[in-house]
Amino acid sequence: MELDETPRPAWFADARRRLIGAGRMALDALLPPRCLACGGAVETQGALCAACWQGISFLGAPCCTRCGLPFPYDAGAGVECAQCIAYPPPFDRARAVFAYDDHSRRLILAFKHADHLHGIPAFGQWLARSGAELLAEADLVAPVPLHWTRLFRRRFNQSALLAQAAVAGWRGPTVPAFAPELLIRRRRTRSQGHLTRLQRAENVRGAFAVKPGADLAGKRVLLVDDVFTTGATIEACARVLKRAGAAQVDVLTLARAMRLPTAP
Ligand SMILES: [Zn+2]
Ligand SMILES: [Zn+2]
């Protein structure tokens, strides 16, 4: 290789420096690691800052063996909460990573509506940890489906991304299959926030179906969604899966509401 001995004019070095500087700024604008909840600076991509981390209420044992509602003290293995005893849910077990409150709401909304998809690997690892018992037994992992009109507007189904990330983050001896199209949403449902328990059940009745031809006989299905709020959507999905022959239906979400509706 011949060395270029020609002296370069001063403007060349200046232009080169400016170009590199501009390139770096453009990269920095894209790549600096940001807190998944508040957007503040953090050291690694896909992390929470110290303040947000402390604000999040991570869930775990002791809890209701059925719905995962935290108990203030250890009541022993296999104990269900009053709500589950009064209104047994159609799913077998539900677990969530953290409580749905003002802190976690920011995290979920950033993920859901602002395309903050860089948090997905971290969410997958959290889901795999909180849902270890469920993933260990599951044959299929399926997301709660979005209606196609909503999918068209949002461009991605956040539950499907979470379900896939949970499988990817799972390190157990057997890995369940990711089944993104196991459930179909047949019609849109309205927001359930202010409906009574009966109205919510009515709102989602017939909204979901199992993909035609899917053989669920004896299968253990793990349903994944972002938030467990009233439970009506997840319960409707669990019901159609059981009706199609699923032997077990468990539920894994990032967040869950702590106050469950009690009035029928
Ligand atoms: Zn933060
Ligand atoms: Zn319960």
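This is a predicted model: local features need pLDDT of at least 70, side-chain atom pairs count only at pLDDT 80 or more; totals for chains, interfaces and linings use all residues.
Let's start with Val210. You can find Val210 in strand S5, which covers residues 208-210. Is Val210 buried or exposed? Val210 is buried, because 20 other C-beta atoms lie within 10 Å, and 20 or more is what the label "buried" asks for. Setting aside residues up to four places away in sequence, Val210 touches Leu182, Leu183, Leu216, Val240, Leu241 and Ala244.

Now compare Ala110, which sits in helix H4, residues 102-113. Ala110 counts as partly exposed because it has 18 C-beta neighbours inside 10 Å.

Each of these residues can also be paired with a residue elsewhere in the chain. The table gives both pairs, with C-alpha to C-alpha distances.

| Pair | Apart in sequence | Apart in space |
|---|---|---|
| Val210 and Ile184 | 26 residues | 6.1 Å |

Next come the nonpolar cores. In soluble globular proteins, nonpolar side chains tend to be buried together. How many residues does the largest nonpolar core have here? The largest nonpolar core has 54 residues, and those with the most contacts inside this core are Leu127, Val141, Ala166, Val221, Leu223 and Cys237.

Conventions: Residues are numbered from 1 along each chain as its sequence is written. Chains are lettered from A and ligands numbered from 1 in the order in which they are written. Helices (H or I, at least four residues) and strands (E, at least two) are DSSP runs, numbered from the N terminus. A residue is buried if 20 or more other C-beta atoms lie within 10 Å of its own, exposed if 12 or fewer, and partly exposed in between; C-beta atoms are placed from the backbone. Two residues are in contact if their C-beta atoms, placed from the backbone, lie within 7 Å. A nonpolar core is a set of buried Ala, Val, Leu, Ile, Met, Phe, Trp, Tyr and Cys residues joined through C-beta atoms within 7 Å.
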